[in-house]
Amino acid sequence: MASMRDIKRRKSSIQSTQQITKAMKLVSTVKLQKAKAKAEESKPYFQTMYQTIGSILSKSGAINHPYLVKNDSNKKAVIAISANRGLAGGYNTNLVKLVTSDENLPKEDVLIYNIGSKGREIFLRKGYEIKADYSEVINQPLYKDAVDITQALLKSYRDGEIGEIYLAYTSFKNTVSHVPTLMKLLPMDQDSVKVEEEEGNSGALMNYEPEPEEALEQLIPKYVSSLIYGAFSEAVASENGARMQAMDSATSNAEEMIAGLSLMYNRARQTSITQELTEIIAGADAIN
Amino acid sequence: MADGTFLLKIINPDRIFFEGNASFVELHTSEGDVGIYPKHIPMTFIVEPGVIRIHTEEGIKEAALHAGFIEVLEDKITIMAESVEWPDEIDIARAEEAKIRAERRLSGKETGIDIAKAELALKRSLARIQLGSKR
């Protein structure tokens, strides 16, 4: 059995770790509240945009626009949103796994537009090609950042350097449930966007000013950047939610370990007292 | 003038900027200035930077609307604004500075996309100044 001093040392080290995890949990709880409020505020924009684009596409029928038709390049751009910090359980690895395990995304064809330095580390280790890195963005996502990324992507898309654009992020369902999600942004296949908007304003024929082709030319970049921005806000909320959970379980694990060690320590103490007593009694017996 | 009101929603990426009934709304689009009354035919416009005037029961509200698009339905108008500000959120000094910068760029000899960008910046700053100086 370990000596009393060893047990004590081990216990106090676990105790100080527990204090750290507890503090981290509190911090991420506060951050989660903020990020959650932000994600909820940006949701209406995100959803309305999705519906509007859906209704435009379904009502305008067959438009032959480069954003809607696949080009020749078989390169696939993936915007992968992970975190800059670790200690968030499986948050970063799950997101990377989502991309690496997808059969439609073979390693040779994928170009990563990376956001989040933890994700980048894993992608690099696995040998993926990172085309661009915007890691600082996720600390404080602005709509402007989403616009900049969209412009860079759409330029490569129009130049034929990439043929498809995907978005990988962790969607925030609620505080305890975060689902890594992979979404196809471009080319937009009309079926994928259409589904949502059957109710409501069907029937009325939409007019465009300017013409539908030109309107789409303007709208699709806005659509892409709004989706990216929405993904940012959800990813930040998910990150903090994941960290809160991870730290919560770390704290309770530490508590369990401390309870076990306290028991061991008390036993060891009792043993040593008993032993001392036995020795004293034996000594007294010998004198008599 | 048509009777009644429509539901106007102005949404930007960070919040719902305005939601309420209005009887008339004026704004700039890529095809020119438009004013929309209720029962308009369904229409989608692209927004150009400028001042938007919302006629509500309490009076006319003005805001600087910089980019986005607008979807008009019979009784509902949705404006997806990438950037929109109330007059009291505008920083006039910054807008003046942006205007001067944009004018300088326009008078220079740069080509292509820079001019388009500078023109947009100029329009944005003008909209801000127009609104901000009224307050």
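Lys173(A) is in contact with His178(A) and Val179(A), leaving aside its neighbours within four places in sequence. The model is predicted. Lys173(A) sits in strand β4 of chain A, which spans residues 164–174. Is Lys173(A) buried or exposed? Lys173(A) has 12 C-beta neighbours inside 10 Å, so it counts as exposed. Gln51(A) is 122 residues away from Lys173(A) along the chain. The C-alpha atoms of Lys173(A) and Gln51(A) are separated by 20 Å.

**Overall build of chain B**

Chain B holds 2 helices and 8 strands. The order from the N terminus is β-β-β-β-β-β-β-β-α-α. Along the principal axes, the C-alpha atoms of chain B fill a box of roughly 50 × 30 × 30 Å. Buried residues make up 33% of the 135 residues of chain B. Consider the contacts in chain B with a separation of 6 or more: 53% of them join residues 24 or more positions apart.

**Strand pairing**

Strand β8(B) pairs with both β1(B) and β7(B). A further pairing links chain A to chain B, through β6 of chain A (residues 207–209) and β5(B). The table sets out these pairings.

| Strands | Bridges | Direction |
|---|---|---|
| β1(B) and β8(B) | 5 bridges | parallel |
| β7(B) and β8(B) | 8 bridges | antiparallel |
| β6(A) and β5(B) | 3 bridges | parallel |

Leu8(B) has Ile77(B) in β8(B) as its bridge partner. Gly68(B) stands opposite Ala81(B), also a residue of β8(B). The link from β7(B) to β8(B) is a hairpin through 3 residues.

Why is β8(B) described as largely enclosed by the rest of the structure? Of its 10 residues, 7 are buried, so β8(B) is largely enclosed.

**Where chain B touches chain A**

The contact between the chains takes 23 residues of chain B and 23 residues of chain A. On the chain B side, these elements give two or more residues: β1 (6–12), β2 (15–22), β5 (43–47), β7 (59–72) and β8 (76–85). Which element gives the most? β5(B) does, with 4 residues. By class, the chain B side has 11 nonpolar, 6 polar and 6 charged residues. β5(B) is also the strand that bridges to β6 of chain A.

**The two domains of chain B**

The domain assignment divides chain B into domain 1 (6–85) and domain 2 (88–132). Their C-alpha centres lie 22 Å apart. Domain 1 of chain B puts 8 residues into the contact between them, and domain 2 of chain B puts in 9 residues. On the domain 1 side, β6 (50–56) and β7 of chain B each supply at least two residues. β7(B) gives the most to that side, with 3 residues. The residues of the domain 1 side comprise 3 nonpolar, 2 polar and 3 charged.

β7(B) gives two or more residues to the side that touches chain A. β7(B) also gives residues to the side of domain 1 that touches domain 2 of chain B, and it pairs with β8(B).

**The largest nonpolar core**

In soluble globular proteins, nonpolar side chains tend to be buried together. Here the largest nonpolar core has 94 residues. Which members touch the most other members? They are Val78(A), Ile79(A), Ile81(A), Ala168(A) and Ile228(A). Helix α6 of chain A (residues 212–287) gives the largest share of this core, 18 residues. Chain B takes part too: domain 1 (6–85) and domain 2 (88–132) of chain B each give at least three residues to this core.

Ile79(A) shows how such a core member is surrounded. Leaving aside neighbours within four places in sequence, Ile79(A) is in contact with Tyr113(A), Ile115(A), Ile149(A), Leu167(A), Ala168(A) and Ile228(A). Ala168(A) and Ile228(A) are themselves among the members that touch the most others.

How values were computed. Residues are numbered from 1 along each chain as its sequence is written. Chains are lettered from A and ligands numbered from 1 in the order in which they are written. This is a predicted model: local features need pLDDT of at least 70, side-chain atom pairs count only at pLDDT 80 or more; totals for chains, interfaces and linings use all residues. A residue is buried if 20 or more other C-beta atoms lie within 10 Å of its own, exposed if 12 or fewer, and partly exposed in between; C-beta atoms are placed from the backbone. Two residues are in contact if their C-beta atoms, placed from the backbone, lie within 7 Å. Ala, Val, Leu, Ile, Met, Phe, Trp, Tyr, Cys and Pro count as nonpolar, Asp, Glu, Lys and Arg as charged, and the others, Gly among them, as polar. Two strands pair if DSSP finds at least two bridges between them. A nonpolar core is a set of buried Ala, Val, Leu, Ile, Met, Phe, Trp, Tyr and Cys residues joined through C-beta atoms within 7 Å. Domain bounds come from an automatic or database domain assignment.
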